[in-house]
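Here are my notes on the model you sent over.

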Amino acid sequence: MIPIKITDLYDLNETIAKDYLSGFEYPWEALSGISDYIKELGKTLDDEIYYRRGEDIWIARSAEIAPTAALNGPLIIDEKATVRHCAFIRGSAIIGKNSVVGNSTELKNVILFNNVEAPHYNYVGDSILGFHAHMGAGSITSNIKADRKNIIIKNEEQMIETGLRKIGAMLGDYAEIGCNAVMNPGSIIGKHSNIYPVTMIRGIVPADSIVKNTGEVIKKI
């Protein structure tokens, strides 16, 4: 089996949600509780570092937020993060330290670890993006199947019933997603893997791999 557990994909020291994610085996199991977790975590944040803006929105005082960005809670924006012009945060989002959410990028029900970049025209929904993960311009996470059925994670011969209709992508630490790539519902990208531009991903990409836009998967040297 390809390693796809939380401990296989992520360095939990690189997220404010460490304690929350530590309670799960697989990353998609955390999706349904992100909203409630933010509401509870927000109440514990240091007022000298974070300020509250509206209902269930906590923003680090060192973060840079464009006046045209739309922010909806529950939401935590961590230290030195940047949210740029016309970003649309629909809610249930954690944006990690030094992360970038860019022009016309939309986030919904996500955890972005520290140093994540989703800087240009991205849709990231029902997803977890690991430390230093990068979304190229126009790349998106598709989070619901055309038939609206629950998503099954296929790991070689193993079939994992998630019980969820909406799962976007789980990007491991340092995953690099090329411009205009599409990750189908339930896609999992291992640590340090690269996806070529204009590539459609379905299923699991092992760590330290390169996926070409022909669909060929090769191991990094």
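1. Which residue forms a salt bridge with Glu 106? Arg 90 does, and the closest N and O atoms are 2.9 Å apart. The two sit in distant parts of the chain, with Glu 106 in strand β10 (residues 106-112) and Arg 90 in the loop between β7 (88-89) and β8, 16 residues apart. Neither end is buried: Glu 106 is partly exposed at 22% relative accessible area, and Arg 90 is partly exposed too, at 38%. Keep in mind throughout that this is a predicted model.

2. Stepping back to the overall make-up: the protein has three helices and 25 strands. The radius of gyration is 16 Å, which agrees with the value near 17 Å that a compact globule of 221 residues would have. Along the principal axes, the C-alpha trace spans about 50 × 35 × 30 Å.

3. How much of the chain is buried? Buried residues account for 52% of the 221. The accessible surface comes to about 10000 Å², and carbon and sulfur atoms own 48% of that. On contact range, take the contacts between residues at least 6 apart in sequence: 31% of these join residues at least 24 apart.

4. Now the core. In soluble globular proteins, nonpolar side chains tend to be buried together. Here the largest nonpolar core has 68 residues, and Trp 28 and Leu 171 have the most contacts inside it. With a relative accessible area of 3%, Trp 28 is buried.

5. Back to charges, where the structure holds seven salt bridges in total. One of them pairs Lys 97 with Asp 78, with the closest N and O atoms 3.1 Å apart. Lys 97 lies in the loop between β8 (93-95) and β9 (100-103), while Asp 78 lies in the loop between β5 (75-77) and β6 (82-83), so this pair ties together parts 19 residues apart in sequence.

6. Another salt bridge to look at is Arg 52 with Asp 56, where the closest N and O atoms are 3.4 Å apart. Asp 56 counts as buried, at 13% relative accessibility.

7. Last, the rings: there are five aromatic pairs. Why is the pair of Tyr 10 and Phe 113 stacked? Their planes are at 25°, with the ring centres 4.9 Å apart, and planes under 30 degrees apart count as stacked. Tyr 10 is in the loop between α1 (6-9) and α2 (18-21) and Phe 113 is in the loop between β10 and β11 (117-120), so the pair ties together parts 103 residues apart in sequence. Tyr 10 is buried at 4% relative accessibility, and Phe 113 is buried at 0%. Tyr 26 and Trp 28 are stacked as well, 4.8 Å centre to centre with 10° between the planes. Tyr 26 is buried, at 13%. Finally, ring pairs link Tyr 20, Phe 24 and Tyr 37 into a cluster.

Methods
Residues numbered from 1 in each chain as written. Predicted model: local features only at pLDDT ≥ 70, side-chain atom pairs only at ≥ 80, totals over all residues. Heavy atoms only, no water. Core = buried A, V, L, I, M, F, W, Y, C linked by side-chain atoms within 4.5 Å. Buried < 20%, exposed > 50% of the residue type's maximum accessible area, 1.4 Å probe, protein only. Salt bridge = Lys/Arg side-chain N within 4 Å of Asp/Glu carboxyl O. Helix = DSSP H or I, 4+ residues; strand = E, 2+ residues; numbered from the N terminus. Phe/Tyr/Trp six-rings, centres within 6.5 Å; stacked < 30°, edge-to-face > 60°. Rg over C-alpha atoms; globule rule 2.2 N^0.38 Å. Contact = heavy atoms within 4.5 Å. Areas by Shrake-Rupley, 256 points an atom, 1.4 Å probe, with all protein chains shown as cover.
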